[in-house]
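Today I'm going through a structure and jotting down what I looked up.

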Amino acid sequence: MPAERRWPESLKLSRAGVVYALVALVAVLTVASAAQGRAPYLDPMNVSNILDQTALLGILAVSTTIVLISGNFDLSIGSVAALGAALCLSLIGPIGFWPAFGVALATGALVGLFNGVVVQFVGINAFIVTLGTMTGVRGLVLIVTDGRTVTPPTGDGANALRAIDAGRWITPNLYLVAGIALLLFAGWRLWTRRSIGVRDAALRSKAVLVPGIAGIVLVAASPVLIFTVQLTQRTTYLLVLVAVAAWVLRFTTVGRRLYATGGNPEAARLAGVAVNRYKVLAFVLNGTAAAFVGVLYSARIGSINPTGLTGYELTALAAAILGGTALFGGVGSVLKSLAGALILVTLKNGFNILNLGANWQGLIEGLVLIVAAAMYTVSTRRPTVRATTE
């Protein structure tokens, strides 16, 4: 009998559930927009807005995912982001933008270092430590800002601040890009199969034919089908960060050791991995990313107030959990965390597009989070085999 064909592991609900949820959400909003006679939901301008609105949350979701993979979590990033913004804007006048920017990033890294050292070497639970840091750093923000909204003085410093988030780029035709990517993927699959001696079967394989034919169709239709999106500078930062983080976690020794550190720290330690070093490094990266997000936030609005960026830590944590990142370490993907962030932003965007009441938004978002987490938990639960007696 021929071997039973199984659904590819990467496409199972337990692996790609967040992607299916995002696709389903976009499909529902597209149909709802059409039913109300509104502009297409996937209009290039709205897609650009969604990506732009996801950028800051996505950066925090990526760094939070790294901390979760290492076996810890961090509740202080919202306060650290606000402190980074407050320091940068306060110091632009005396020392200029770039030194002030460096001070902001260094401060974020130091807060992350403090969290990591206290958690790993003192042995206090990460929840308690970062909850205390969240409160204490927010107090520092009040001290730095003197309880008032801070704006940079006009001049070269303020111009440099705006410049780090002022760029705009138009993408090439995304249908053409997708077609070329599919052709390259099909060529790679063909080469890998032929390199291990599978020749005629490789040419007939669905793994080669499907993406190859789809790529040819998209490339051929690209002169007629045109879809371009405007990418803001903060969106570019996000995409670069996701690409680098995904590559490091998937293909490097550092990534493998980080997963081992979170999944089974004792086994990793016995294998010679410097567990404490990797866990502290994750906190440092998270603090640095948070400070960077704070500066980007202030660059867009031109100011920061003492309560700015409140709640970002929980939203970033929700995005990571939506992406299937485990709270107890060793499991996670920055790509799926990005999809989780896109779900949260798409929900809010859809509420605004469809003109739904703001009173219902929080309830619906909470229900979506609970349902998504429940679906992920059920899909990843291994079936139990009950012993029966005859």
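**Pocket notes**

I checked the lining of the second largest pocket, and helix 15 gives the largest share of it, five residues. Helices here are DSSP runs (H or I, at least four residues), strands are E runs of at least two, and both are numbered from the N terminus. This is a predicted model, where local features need pLDDT of at least 70, side-chain atom pairs count only at pLDDT 80 or more, and totals for chains, interfaces and linings use all residues. Residues are numbered from 1 along each chain as its sequence is written, and side-chain values use heavy atoms, with hydrogens and water left out.

I noted a volume of about 560 Å³ for the second largest pocket. Of its 18 lining residues, L22, V26, V47, L51 and L342 are the closest to the centre. Helix 1 (13–35), helix 2 (44–69) and helix 15 (334–353) each give two or more residues to that lining. To be clear on the term: on a 1 Å grid over the protein atoms alone, a pocket is an open set of points where a 1.4 Å probe fits, with protein on both sides within 12 Å along at least five of seven lines, and lining residues have an atom within 4 Å of a point. I also sorted the lining by type: 16 nonpolar, two polar and no charged. Nonpolar means Ala, Val, Leu, Ile, Met, Phe, Trp, Tyr, Cys or Pro; charged means Asp, Glu, Lys or Arg; the others, Gly among them, are polar.

**Salt bridge notes**

How many salt bridges does a search of the whole structure find? It finds five. Each is a side-chain nitrogen of Lys or Arg within 4 Å of a carboxyl oxygen of Asp or Glu.

I looked at D165 and R234, whose closest N and O atoms are 2.8 Å apart. This pair links distant parts of the chain, 69 residues apart: D165 sits in the loop between helix 6 (156–163) and strand 1 (168–170), and R234 in helix 10 (residues 233–251). Buried or exposed? D165 is buried at 4% relative accessible area, and R234 counts as buried at 6%. Buried means under 20%, exposed over 50%, partly exposed in between (1.4 Å probe, protein chains only). D165 and R234 also belong to a salt bridge network with D52 and R300.

R148 pairs with D146 at 3.3 Å, and both are exposed.

How values were computed
Grid points are joined across faces, edges and corners, and a volume is the space filled by probe spheres set on the points.
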